[in-house]
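Reader: I would like to go through this model term by term. For each label, please give the value and the cut-off behind it.

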Amino acid sequence: MSIIFQSLGRTVSAGFVLLALILAIIGGGNVDLLSHNWWTFAFRWLHVTVAIMWIGLLWYFNFVQIPSMPRIPDEQKPAISKVIAPAALFWFRWAALATVFMGLGLASMNGYVMQALMLRDGVVPIGLGMWMGFLMAFNVWFIIWPNQKKALGLVPVEIIEKPRAARIAMLTSRFNTMLSIPVIFCMVAQQHSGL
């Protein structure tokens, strides 16, 4: 069993195998892969899964990494800036993009993408969530990531530019953390609140 957990790839694969077993047991052969309802559900599950990765990493940066950096001895900081942060930022930005595309796909499959984007009655919560999510994803790709590349030394910049880039990335990340709270509410409210 430990061989599964020694590799992230095997661990994730085992998760999908476990999911398939659960579907076989509780689905009882009633899973219709040609059904629109099945694919709508699958897109919702994928959307929520990548959103958890995105927001989880956002919260990791803001609740763990940023507050911990002043307490890390200088000689240990390169481990964060050269190894951990670039890897986390890779998954962070691609999870943001996947969340947006899966959400648009889901809204399209449910037939309300344009109504939600125009904030029409009946889909205002998810529409607001979509617009805030777009802004957050824009921030990830066009403000946070370019500034993090400078701050982490992944692109060459003058040494005096690094602190400014780090501050812009941090403040934009904090802005996204603020937005994540109403975005999560809007995602859940559309289906479950009666708003």
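**Labels and their cut-offs**

Author: Ala 137 counts as buried, with a relative accessibility of 9%. This is a predicted model, in which local features need pLDDT of at least 70, side-chain atom pairs count only at pLDDT 80 or more, and totals for chains, interfaces and linings use all residues. Residues are numbered from 1 along each chain as its sequence is written, and side-chain values use heavy atoms, with hydrogens and water left out.

Reader: Why does Ala 137 count as buried?

Author: Buried means under 20% relative accessible area, exposed means over 50%, and partly exposed lies in between, with a 1.4 Å probe and protein chains only. Ala 137 is at 9%, so the label is buried.

Reader: Where is Ala 137 placed, and what separates its C-alpha atom from that of Ala 95?

Author: Ala 137 is in helix α6; helices are DSSP runs of H or I with at least four residues, strands are runs of E with at least two, and both are numbered from the N terminus. The C-alpha atoms of Ala 137 and Ala 95 are 9.3 Å apart, while the two residues are 42 residues apart along the chain.

Reader: What makes the contact of Lys 77 and Asp 74 a salt bridge?

Author: The term requires a side-chain nitrogen of Lys or Arg within 4 Å of a carboxyl oxygen of Asp or Glu. For Lys 77 and Asp 74 the N to O distance is 3.6 Å, so the pair qualifies. Asp 74 is exposed at 61%, whereas Lys 77 is partly exposed at 23%.

Reader: How many salt bridges does the structure hold?

Author: There are two salt bridges. Glu 161 forms one with Lys 150, their closest N and O atoms being 3.8 Å apart. This pair links distant parts of the chain, with Glu 161 in helix α7 and Lys 150 in helix α6, 11 residues apart. Glu 161 is partly exposed at 32%, and Lys 150 is partly exposed at 27%.

Reader: How do you know what span is expected for α4?

Author: The expected span is 1.5 Å times one less than the number of residues. α4 has 33 residues, and its 46 Å from first C-alpha to last is close to the expected 48 Å.

Reader: What is the angle of the kink in α4, and where does it lie?

Author: The kink is about 35° and lies at Ile 84, shortly before the proline Pro 86. The bend at a residue is the angle between axes fitted to the seven residues ending there and the seven starting there. Gly 111, with a positive phi near 75°, follows α4.

Reader: What makes a set of grid points a pocket?

Author: On a 1 Å grid over the protein atoms alone, a pocket is an open set with protein on both sides within 12 Å along at least five of seven lines, and lining residues have an atom within 4 Å of a point. The largest pocket is lined by 29 residues, with His 47, Val 48, Ala 51, Ile 126 and Met 187 nearest its centre. Helix α3 gives the largest share of that lining, nine residues.

Conventions
1 Å grid on protein atoms, 1.4 Å probe; cavity = no way out; pocket = protein on both sides within 12 Å on 5 of 7 lines; lining within 4 Å.
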